[in-house]
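Take a look at the structure below. We will walk through it one part at a time.

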Protein chains: 2
Amino acid sequence: MRTVNVALGDRSYPIHVGAGLLGQGSLIKPYLKRPRVAIVTNDVVAPLMLEKLVAGLRDAGIAYSTIVLPDGEAHKDWQTLNLIFDGLLSTHCDRSTTLIALGGGVVGDMTGFAAAAYQRGVPFIQIPTTLLSQVDSSVGGKTAINHPLGKNMIGAFHQPRLVIADVDCLVSLPPRELRTGLAEVIKHALIRDNARVGWLEENMEALLGCDRERLAEAVAWNCAIKAGVVAVDETEQGERAHLNFGHTFGHAIEAGLGYGEWSHGEAVAAGMIMATELSAWLGMLAAADVARVRSLVERAGLPANGPKLGSERYIALMQHDKKVADGKLRLVLLQSLGSAVIRDSVPLPEIAKVIDDCC
Amino acid sequence: MRTVNVALGDRSYPIHVGAGLLGQGSLIKPYLKRPRVAIVTNDVVAPLMLEKLVAGLRDAGIAYSTIVLPDGEAHKDWQTLNLIFDGLLSTHCDRSTTLIALGGGVVGDMTGFAAAAYQRGVPFIQIPTTLLSQVDSSVGGKTAINHPLGKNMIGAFHQPRLVIADVDCLVSLPPRELRTGLAEVIKHALIRDNARVGWLEENMEALLGCDRERLAEAVAWNCAIKAGVVAVDETEQGERAHLNFGHTFGHAIEAGLGYGEWSHGEAVAAGMIMATELSAWLGMLAAADVARVRSLVERAGLPANGPKLGSERYIALMQHDKKVADGKLRLVLLQSLGSAVIRDSVPLPEIAKVIDDCC
């Protein structure tokens with residue numbers, strides 16, 4: 001088992017990464033105020049993984065109740081969040097009860113926000129079950145639900161007490177789910193660690209083949225990179241924006257096609273290519289760098305080209321993104337492979353040209 | 001104008017107290033990230049006070065939008081909270097928009113929670129318009145909405161950037177609203193400041209007569225007392241529980257009669273008498289002390305005796321209160337006038353006896 005520490009002062013927490021961790025209640029017990037938890041999961045994850053978690057809790061003498069939500073981003077709303085509150089209140093959970101999120105990003109986001117808001121804040125533990133949530137959403141404490149007028153518009157920064165990333169959970173993932181996680185893996189290397197770009201070039205096939213040892217290594221270094229970014233900018237005032245590399249373009253793709261048409265990772269992958277091409281166009285990257293990024297994305301089975309929405313529509317959608325400050329289009333670009341930079345002064349025609357080239 | 005500072009490190013904020021403050025946009029402007037606010041108020045307060053606030057904002061060059069909620073505790077729920085989010089999103093409020101709560105405790109609690117959750121947290125300013133909210137709910141950062149299974153079950157600790165307590169707002173209050181605020185005023189003196197017990201004995205008639213100078217003095221020292229308690233225990237782990245003096249009994253009255261039958265302050269007043277009598281019964285107060293408390297409550301026009309629910313029902317309701325830790329009944333009592341203490345070992349028959357005597 002590897003352990004990555006997320007250093008946030010008195011909100012610091014460990015991420016345990018490895019195989020066979022789900023059933024080890026003894027990993028959880030030291031992080032509880034008292035041995036009572038409420039597990040939140042969904043109706044797809046529950047049949048696959050709940051029994052193993054519950055058996056481990058039982059062995060460790062931890063009392064539990066279970067709240068099973070309907071699966072899917074479509075249920076990341078008030079109504080479903082209220083199912084969590086209903087469950088907590090009807091089983092008399094108090095401020096010393098710890099919530100456990102067992103599932104992917106949606107379950108983690110909703111459980112985290114429920115934990116932030118229930119009785120003004122209770123502790124929670126993340127057990128992310130997808131590659132995307134293991135390397136991304138379970139690190140950093142961003143929690144939220146959607147509003148009909150915008151994604152993730154209602155939420156909180158609320159850090160978990162502990163994250164357990166069991167790579168065994170990834171074996172049962174549909175291939176498309178694994179690939180959507182790889183987009184964020186590639187992103188982390190590109191914005192922070194040139195050596196990991198090389199590591200990915202060597203290990204991409206092993207990751208796609210669910211090699212547990214390589215997966216655990218990847219999850220650990222991804223969490224370490226994200227934890228490093230979050231540690232210096234917990235509430236996204238500055239540097240944390242680097243994590244949005246590829247995302248402003250990507251959100252335009254998701255919104256333009258209708259959410260769910262392309263997966264988040266697919267949209268981010270095509271978005272990263274656009275941001276990389278733009279970085280090269282602005283003279284920061286060489287053509288060979290762009291080729292390496294494009295090759296990594298393609299080897300991960302992710303789209304390197306965006307859908308043909310037209311550059312005007314892309315830019316309109318990008319300007320609608322909530323990361324827009326004062327109407328300026330802030331973009332995360334690469335000054336070299338492994339090093340991100342923020343630019344808010346790129347002329348719109350140049351952005352449009354690159355979009356057209358990449359679609 | 002008096003200013004009380006709430007010392008909470010980087011979340012510290014000032015409370016300005018005085019007459020004629022509502023229309024002074026210049027008091028607000030220094031606390032905004034950018035000159036754009038969203039005012040949240042209700043349909044009772046809006047016709048009385050919104051125009052004055054808006055005129056001041058206009059004078060100070062602050063852009064604003066307005067969200068008017070239905071009045072009353074019955075609307076302190078998800079549906080009404082969503083009206084705030086709908087309003088913020090439809091007018092394109094971003095993370096640099098500051099919310100202003102103009103109203104009593106319900107508006108303050110809901111606006112504060114909306115600010116805590118909107119885009120994972122935006123700043124907010126409290127302009128409390130009732131005595132209760134000026135001396136109590138606007139200090140300390142507790143925000144919440146109700147759930148059908150419990151009051152204030154969903155919320156956050158989210159501190160305002162600024163509080164403006166304009167005592168002119170109190171003049172239009174119905175007398176019963178003023179009295180409900182006086183219950184918390186008496187409470188603050190009893191738990192923290194023996195000299196203020198004497199001050200209240202001297203000034204009770206002036207307060208009931210809406211003497212602006214006395215009201216401003218009272219609001220200021222009440223905010224200072226509450227701010228002092230909150231500063232040492234922001235998230236209610238320990239000493240902040242002193243603020244619940246009279247409230248465990250009081251909540252039993254409110255829940256037993258059905259919320260809204262007695263006002264919060266009326267229930268707290270009768271609850272304070274019970275807690276005071278119990279303190280005397282346990283040998284901590286003299287009969288003369290009890291008589292002073294009873295007299296203050298009666299002079300404020302508040303009930304000194306609780307409704308006859310029967311001591312068994314009281315105790316059952318008190319045990320249901322969320323402040324119960326591990327099934328024990330934790331009570332805030334007085335070790336002298338001006339000094340609170342927490343006891344969780346008072347035998348139930350003694351509590352029952354005092355309840356029966358006080359109803």
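**A walk through the model**

B:Ala195 sits in helix 8 (residues 194-208) of chain B. Helices (H or I, at least four residues) and strands (E, at least two) are DSSP runs, numbered from the N terminus. This is a predicted model, where local features need pLDDT of at least 70, side-chain atom pairs count only at pLDDT 80 or more, and totals for chains, interfaces and linings use all residues. Residues are numbered from 1 along each chain as its sequence is written, while chains are lettered from A and ligands numbered from 1 in the order in which they are written.

Is B:Ala195 buried or exposed? A residue is buried if 20 or more other C-beta atoms lie within 10 Å of its own, exposed if 12 or fewer, and partly exposed in between, with C-beta atoms placed from the backbone. B:Ala195 has 11 other C-beta atoms within 10 Å, so B:Ala195 is exposed. B:Gly338 is 143 residues away from B:Ala195 in sequence, yet the two are 7.8 Å apart in space, C-alpha to C-alpha.

Now turn to chain A. Its domain assignment gives domain 1 (2-171) and domain 2 (175-358). Such bounds come from an automatic or database domain assignment. The C-alpha centres of domain 1 and domain 2 of chain A lie 26 Å apart. Their contact takes 24 residues from domain 1 of chain A and 26 residues from domain 2 of chain A. Two residues are in contact if their C-beta atoms, placed from the backbone, lie within 7 Å. On the side of domain 1 of chain A that touches domain 2 of chain A, helix 5 of chain A gives the largest share, five residues.

Next comes a sheet. In chain A, seven strands form an open sheet in the order 1-2-9-6-5-3-4, with mixed pairing. Strand 1 (2-6) and strand 4 (63-69) of chain A stand at the edges; each has a single partner strand, so one side of each is left without a neighbour in the sheet. Two strands pair if DSSP finds at least two bridges between them. Strand 2 (residues 13-18) and strand 9 (residues 162-166) of chain A run parallel, joined by four bridges. A:Val17 stands opposite A:Ala165 in strand 9 of chain A.

Finally, see where the chains meet. The contact takes 23 residues from chain B and 23 residues from chain A. Strand 8 of chain B gives the most to the side of chain B that touches chain A, with six residues.
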